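Please keep the model open while reading.

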Amino acid sequence: MAQASMPPVQEARSIFGRLGYTVSGDGPQMLAEHKWRTVQVTALSSREASECRPVLTDGGDDAGYRLRCFVTWNDHIETLTERLRGVDLPYEWAIIGVSNGGTDDYEVVRGANT
C-alpha cells in the first residue's frame with residue numbers, strides 16, 4: 001500500500017512530541033497536551049483529506065475540544081484547507097502537511113478562528 005494512502009499517524013506523533021506535547025490515543029485520533037492546551041489531532045490519509053468527511057468538519061464527537069489539528073500529506077493541504085474554510089466550525093483549527101519522502105519537513109496552515 002502506498003505511503004500516501006495511509007494516514008500519517010507516526011509523523012503527527014513525532015511533530016507534536018518534538019513540540020513538547022504529550023500525545024495519547026491510538027490510531028489516527030489522538031490528543032496532544034501541553035501546559036493548558038489540549039489539541040484534538042486527526043491524521044488523515046490522502047483519500048480522507050480529499051473527501052473531508054462531514055464527521056471531521058462538524059467537530060466529530062462532542063468532546064468539546066476548542067483546538068483541532070488535521071495532519072495529512074503535503075499534496076492535500078490546499079484541498080483540505082478550502083473544504084474546512086467553507087464550513088462554519090465550532091473550533092479553531094490548523095492543518096499540518098507532512099512530506100511523504102521520509103523527511104522531518106512539515107508545513108502549517110492556520111485556519112480561521114470561529
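Six strands build an open sheet of mixed pairing, in the order E1-E2-E3-E4-E5-E6. Strands pair here if DSSP finds at least two bridges between them. Helices (H or I, at least four residues) and strands (E, at least two) are DSSP runs, numbered from the N terminus. Strand E1 (22–24) and strand E6 (106–110) are the edges; each has a single partner strand, so one side of each lacks a neighbour in the sheet. Neighbouring strands are turned by 25° against each other on average, direction ignored.

This is a predicted model: local features need pLDDT of at least 70, side-chain atom pairs count only at pLDDT 80 or more, and totals for chains, interfaces and linings use all residues. Residues are numbered from 1 along each chain as its sequence is written, and side-chain values use heavy atoms, leaving out hydrogens and water.

Strand E2 (residues 29–34) and strand E3 (residues 37–43) run antiparallel, joined by six bridges. Ala32 has Val39 of E3 as its bridge partner.

Helix H4 (residues 77–85) lies across strand E4 (67–73), strand E5 (92–98) and E6, at about 170° to E5. Axes are lines fitted to C-alpha atoms, for helices over the stretch in contact; angles run from 0 to 180 degrees between N-to-C directions. The buried residues of H4 fall within an arc of 100° seen down its axis, so they line one face of the helix. The arc is that of the directions from the helix axis to the C-beta atoms. Buried means under 20% relative accessible area, exposed over 50%, partly exposed in between (1.4 Å probe, protein chains only).

| Burial class in H4 | Residues |
|---|---|
| Buried | Ile77, Leu80, Thr81, Leu84 |

Thr81 has a relative accessible area of 8%. Its side chain reaches the backbone oxygen of Ile77 at 2.7 Å. Beyond four places in sequence, Thr81 touches Trp93, Ile95 and Val109. Contact means heavy atoms within 4.5 Å.

A nonpolar core is a set of buried Ala, Val, Leu, Ile, Met, Phe, Trp, Tyr and Cys residues joined through side-chain atoms within 4.5 Å. The largest has 15 residues; Phe16, Val41, Cys69, Val71 and Ile96 touch the most other members. Helix H1 (9–18), E2, E3, E4 and E5 each give two or more residues. H1 gives the largest share, four residues. Apart from this core lies another, of eleven residues, including Leu84, Leu89, Tyr91 and Trp93.

Key:
Polar contact = N/O pair within 3.5 Å; in protein donor to acceptor, adjacent residues only side chain to side chain.
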